[in-house]
Structure formats: structure tokens, C-alpha cells
Amino acid sequence: MTEITAAMVKELREKSGAGMMDCKKALAETNGDMEAAIDWLRAKGIAKADKKSGRTAAEGLVGVATMGHKAVVVELNSETDFVARNDAFQDLIRGIAQVALSTDGTVDAVSAATYPATGKSVSDSIKDAIATIGENMTLRRSAALEVPHGVVATYIHNAAGDGIGKLGVLVALKSEGDKAVLNSIGRQVAMHIAATNPLAIRAEEVDAAVAERERNVFIEQARESGKPEAIIEKMVDGRMRKFFEEVALLSQAFVINPDLTVGAAVKEAEKEAGASIEVTGMVRLLLGEGVEKEESDFAAEVAAVAKG
């Protein structure tokens, strides 16, 4: 039997928003399995979403660059927001994004590519910047999208300057249509992705493990109602349809015009573009997503300094 520690209860409280005693019970019921405990709380109606801890403590910037039918997004982390506002740091991430356009977009490929301003690799150029600026930096993530014809639209949210900010989105539109129209609808869809963070472009592309996990939670929730299995099955099927509508990009209500789904808005744009439009890819990078700084006890730090 896994020992349920105070730290585990605290972590579950932060992830689920549930009360301390409910979290302790959920961990006990699931033998300390954090993800299973979240599902247990959801099934009991105590926790709502699959709510991961919302803290995104890593600082730095996300940058985008476009060339022809290709676009890239990169995330360069720093220790403090102060350094992220530094002109040298901002020039560095813009330069790295430009370099990324000549690669397949993976971190390894971008790191190994030559950075023109130094003649060294991107990795070594970052090391030089660390020595100059005096703060650790990491090229954490990068991605590229390309279409044979059409556009890869980009969007930066919370912009700190041209092509850099706290959140970057790419969306690939394959089409022979008018480029101005494609760029316009592409930017709107990218803004929508920034706002809603869809799990997949289409319902059938949602990860099977994620869908199965949701189904299991819905089954447990339905069983709590005490209804017969035949009714439960219909309830779960209905909830799954709604789940897919909410997490798949093309079936989501378009934030620009909620009367339309994103798929319907793209279809409308086809008339103006003069050709069919297919959404073939999307990437959304939120600065520091999934990274947390170790929290310090400020009072304890002051006490330790006072003791010498």
C-alpha cells in the first residue's frame, strides 16, 4: 500500500481544485496513482476537468518565422522574465526561428544547425549567450509545418515584439486558393487554436487513450445515477459525442463567430478563396507549458539568512 503523503495531497489539490479530505480519499482509493485519483474525483463529481496544474513557471519567449509554404515555432526558455525582455535574447530567438526554417523543425536538428551570426551551431551560440547574459537558457521545443500549396498561418499571443511572445500557433491550410484569403482565415483559425487549445483537428484523430479515459469517467459518472446499463450506454454515447465536439478543432464553435463551427467557417472561406481548403496541421506552444519552478519558502529563506 502506497503511503499517502501531505505533498501528494497538495499536488492533487492543485491539479484538481478539490478539497484536502477528498484528495486524500481519492489517493487512498487509487493507491497513490495521481492520474487515477483525478479520474476518481471527476467520476464522483468533485473535480471537473482533467485539470493539470496551471502554473507555467518557465520564462523566456516563443518565436515564429515563415518562408514560402513553411512556418516554424520555437520556444527558448530563460530563468527570468527580465532576461526575456533583453534585446539580445529577443534577437537570439528570432535568429533561431529563422534557422529552424532550414531544418525539419525538431529540437535536435535546430540545435545542430549553423547560426549565421556566430558561424557556430545554435546550441553553441546559446551557450555563448548564457556566458554573456549570465543566465541559463534552453531551447526547449520547436516544430515546423509545411504544405505543398497553400499557407501555414501564424499567430503570436501576448506579443513582446515582431514574431515573438508568450504563445505561438501554426496552422497549415492546403489549398490552391487566393493567398490573401487563406492568410486571413488561417490567422483567425490560429487565434481560435490559441484560445481553445483543441486536442486534434478532427474527432477521429483524438488520441484513443484520451478518448477511452473520458469514456471510463463518463461510465462511472453515469453509474452513480443508478440507472440501468442500457440507459447508461446511451448517456455515455451522448456525452462522448459532446466531448469530441468540444475538443476537435473543426467541430468547435468558432470564437470569431460562435454561430459557425471552425469547419463551417473554413468552408465559407472556400467561396472567397475560389478553391477547397483542407486544414492539415496545427501546433500550439504556450511558454513554459508543463514546466514548474520549485517553489521556495520565502520566510524560511529570510530566517536562514538571518541565522548567517
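Predicted model: local features only at pLDDT ≥ 70, side-chain atom pairs only at ≥ 80, totals over all residues.
View 1. Gly168 stands ten residues from Asn158 in sequence, and the C-alpha atoms of Asn158 and Gly168 are 9.2 Å apart in space.

**View 2. Strand β2, enclosed on both faces.** Strand β2 consists of residues 70-78, and because nine of these nine residues are buried, the strand is largely enclosed by the rest of the structure. One side of β2 carries Lys70, Val72, Val74, Leu76 and Ser78, while the other carries Ala71, Val73, Glu75 and Asn77, and the residues of both sides are all buried.

**View 3. The partners of β2 in the sheet, strands β1 and β5.** Strand β1, residues 59-67, runs antiparallel to β2 and is joined to it by nine bridges; within this pairing, Thr66 is found opposite Ala71 of β2. The two strands form a hairpin in which two residues lie between β1 and β2, and in the turn Gly68 has a positive phi of about 60 degrees. Strand β5, residues 137-146, is likewise antiparallel to β2 and joined to it by nine bridges, and here Val74 is placed opposite Ser142 of β5.

**View 4. The buried and exposed sides of helix α2.** Helix α2 covers residues 20-29, and its buried residues are Cys23, Ala26 and Leu27. These three span an arc of only 95 degrees around the axis, and they therefore lie on the same side of α2. An α-helix has 3.6 residues a turn, so residues three or four places apart point the same way. On the face of α2 turned away from the buried side are the exposed residues Met21 and Glu29, whereas the buried residues pack against α1 (6-16) and α3 (34-43). Just after the end of α2, Asn31 adopts a positive phi of about 55 degrees.

**View 5. Cys23 within helix α2.** Cys23 has a relative accessible area of 0%, so it counts as buried. Apart from neighbours within four places in sequence, Cys23 is in contact with Val9, Leu12, Arg13, Ser16, Ala18 and Leu41. Met8 is 15 residues away from Cys23 along the chain, and 8.8 Å separates the C-alpha atoms of the two residues.

**View 6. The crossing of helices α1 and α2.** The axes of α1 and α2 come within 9 Å of each other and cross at roughly 110 degrees, which means that α1 is roughly perpendicular to α2. The contact involves Met8, Val9, Leu12, Arg13 and Ser16 on α1, together with Met20, Cys23, Lys24, Ala26 and Leu27 on α2. The crossing in which α1 passes α2 is right-handed.

**View 7. Helices α5 and α7 side against side.** The axes of helix α5, residues 87-100, and helix α7, residues 122-133, come within 11 Å and cross at roughly 180 degrees, and α5 is therefore roughly antiparallel to α7. Helix α5 contributes Ala88, Phe89, Leu92, Ile96 and Val99 to the contact, and helix α7 contributes Val122, Ile126, Ala129 and Ile133.

Conventions: Residues numbered from 1 in each chain as written. Heavy atoms only, no water. Buried < 20%, exposed > 50% of the residue type's maximum accessible area, 1.4 Å probe, protein only. Helix = DSSP H or I, 4+ residues; strand = E, 2+ residues; numbered from the N terminus. Pairing = 2+ DSSP bridges. Arc of directions from axis to C-beta. Contact = heavy atoms within 4.5 Å. Axes fitted to C-alpha atoms, helices over the stretch in contact; angles between N-to-C directions. Parallel < 35°, antiparallel > 145°, perpendicular 65-115°, else oblique. Left-handed = near helix turned anticlockwise from the far one by under 90°.
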